[in-house]
Amino acid sequence: MKTIHTCALLLAAALQSQAMAQSITAPPAKNIIFFLGDGMGPTTITAARIYKYREEGLLNFERLDRTARIKTYSNDAMVTDSAPSMGAYMTGVKINNDVISLQGAKPRAPGKDANGNPSVDRCGDNNGSAPPTILELAKASGRAVGAITTTELTHATPAATFSHICNRNAAYTIAQQIVPGGAGYNPRLKDGVDVLMGGGRVYFTPFDAKSNPHGRADGRDLLAEFKADGYFVAATRADMMSALPNRKFVGVYADSHLDYAADRKATQPTLAEMTGKSIELLSKNPKGFFLMVEGGKIDHALHDSNARKALEEVVDFDNAIQTALDRMRQLDPGLDHTLIVVTADHDHTMVMNGYPKRGNPILGIVHDYATGQPALDADGKTYTTLVYGGGPNRRETRVDVDDARAQAPDYHQETAVRLPGEGHGGGDVKLYAAGARAASFKGTIENTRVFELMKAAAGL
Ligand SMILES: [Zn+2]
């Protein structure tokens, strides 16, 4: 009896020490890929799902097995803009609207230079402190790091990963912060962000009255400086495809933002191609990598109250996520050492209205679920399923909406409150996660908590 008891104890002790050893040596997420669908609120996801797969389908990222709801308010606003919400994900700190990864800073818009471009930094001294970003922490740990977007590379979302500045519109200053060795460089990026992709060439190249009227007033050619520092500098999709690993990479594919997916020029890569290339380059680092991928044009289309383009951009973003899942499952089967997070920075004011029949085109006018006939508003006029809370498109007296017109590529949905442009929504957004430590993402949590969970997962 005693022997059996001792054996059981020994066995239990052995199992316990084995479990402890495993928990101590269990590698944290070596790799993190953070996908940010700018403005991709819950209704936009549902509408994109119906647009692509009908009601019963799912987008690829909706198949990730862990989910959470995220509160997005900023330090000073109930409804956030992209800068502090991305800053919260990247630094774990609530930040004021319009501020890029600076705690307690007041947003002071840049002043105009002699050419009329807003390049004069007016942030002032001691205007906020800079908490480390997850990209900076990953770099400090020896990992490779990257940030890629379909917007300007200096735009709020990518900027919040590698920059600290009191105003999101200080694009010329943000550009300086990522060029190693030059004035204004962010030294926390050490030898430089390993992969950078997006648009915004004007902020990286010198002013010229004819050829580059929005260029830099200080005469610096930051793309040439990148090259001198050893970067592979790409201007087109073809350039990007030819890049080989073991060199830092910067791809700037447009003067401003990249094109909408539906109108994309052949010289610009797709977000999925950019994602695949980034993984190819970054995954060569044996210590792992952090990559931020932004589907930034979802937000632009919603601001333009063009639902079709917004839904197409979600599908494009979803393709990039599927590319990452496929590549990472080849490199890390089971995703045991890779954490993939997909979320949005804030909602928009688009809603699904009326009681459309199942299978009715999501972009069309409402056809009643019972009769199949066009549904009418209180004044006897037809209306679309997708409408906005705020935006420019409101008439004093509504007129019938033609179904074909409502589904045209350039249709702008109607709005309740007349505003110069459609704005952000303050509702919670969704988060999806898969892979290493993905189970920690659950419940309704602050956006700042996402930083803590990623940091813990990566052991940073
Ligand atoms: Zn945003």
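User: How many bridges join β11 to strand β12, and do they run parallel or antiparallel?
Analyst: Bear in mind that this is a predicted model. Three bridges join β11 to β12 (residues 415-418), and the two strands run parallel.

User: Which residues stand opposite each other there?
Analyst: Glycine 390 is opposite valine 417 of β12. Tyrosine 388 stands opposite threonine 415, also in β12.

User: And what about strand β10 and β11, how do they run?
Analyst: Antiparallel: β10 (residues 350-352) is joined to β11 by three bridges. On that side, methionine 350 stands opposite tyrosine 388 of β11.

User: So what's the order of the strands in that open sheet?
Analyst: The order is β10-β11-β12, three strands in an open sheet with mixed pairing. The edges are taken by β10 and β12, each with a single partner strand, so one side of each has no neighbour in the sheet. From one strand to the next, the twist averages 20°.

User: How many residues of strand β11 are buried?
Analyst: Five of the six residues in β11 (residues 386-391) are buried, so the strand is largely enclosed by the rest of the structure.

User: Which helix lies across β10 and β11?
Analyst: That's α2 (residues 42-53), running at about 55° to β10.

User: Where is the place of leucine 419?
Analyst: Leucine 419 sits in the loop between β12 and β13 (424-425). Its relative accessible area is 38%, so leucine 419 counts as partly exposed.

User: What is leucine 419 in contact with, leaving aside neighbours within four places in sequence?
Analyst: Gly390, Gly391 and Pro392. There is also a C-alpha separation of 11 Å between leucine 419 and histidine 303, which are 116 residues apart along the chain.

User: Switching to the ten-strand open sheet: what's the order?
Analyst: It goes β5-β6-β4-β3-β7-β1-β8-β14-β2-β15, again an open sheet with mixed pairing. At the edges are β5 (232-234) and β15 (444-446), and each of these pairs on one side only. Ignoring direction, neighbouring strands in this sheet are turned by 15° against each other on average.

User: In what sense do β2 and β14 pair?
Analyst: In the antiparallel sense, over five bridges, between β2 (residues 66-71) and β14 (residues 429-435).

User: Which strands does α13 lie across?
Analyst: α13 lies across β1, β2, β8, β14 and β15, and runs at about 90° to β15.

User: And α11, which strands does that one lie across?
Analyst: β1 (31-37), β7 (289-295) and β8 (338-344), with α11 running at about 170° to β1.

User: OK, helix packing. At what angle do helix α9 and helix α11 cross?
Analyst: Roughly 25°, and the axes of α9 (residues 271-282) and α11 (residues 307-331) come within 8 Å. Angles under 35 degrees count as roughly parallel, so α9 and α11 are roughly parallel to each other. The crossing of α9 past α11 is right-handed.

User: Which residues make the contact?
Analyst: From α9 you have Leu271, Ala272, Thr275, Gly276, Lys277 and Ile279. The α11 side brings Asp316, Phe317, Asn319, Ala320, Thr323, Ala324, Arg327, Met328 and Leu331. By class, the α9 and α11 contact divides into eight nonpolar, four polar and three charged residues.

User: And how far apart are the axes of α3 and α13?
Analyst: The axes are 6 Å apart, with α3 (residues 82-91) and α13 (residues 447-458) packing at an angle of about 30°. These two helices, α3 and α13, are therefore roughly parallel to each other.

User: Is the crossing of α3 and α13 left-handed or right-handed?
Analyst: Right-handed. In that contact Ser85, Ala88, Tyr89, Met90 and Thr91 of α3 meet Asn447, Thr448, Val450, Phe451 and Met454 of α13.

User: How many charged residues does the contact of α3 with α13 have?
Analyst: None: the contact of α3 with α13 has six nonpolar residues and four polar ones, with no charged residues.

Definitions and conventions:
Residues numbered from 1 in each chain as written. Predicted model: local features only at pLDDT ≥ 70, side-chain atom pairs only at ≥ 80, totals over all residues. Heavy atoms only, no water. Axes fitted to C-alpha atoms, helices over the stretch in contact; angles between N-to-C directions. Helix = DSSP H or I, 4+ residues; strand = E, 2+ residues; numbered from the N terminus. Parallel < 35°, antiparallel > 145°, perpendicular 65-115°, else oblique. Left-handed = near helix turned anticlockwise from the far one by under 90°. Contact = heavy atoms within 4.5 Å. Nonpolar A, V, L, I, M, F, W, Y, C, P; charged D, E, K, R; others polar. Buried < 20%, exposed > 50% of the residue type's maximum accessible area, 1.4 Å probe, protein only. Pairing = 2+ DSSP bridges.
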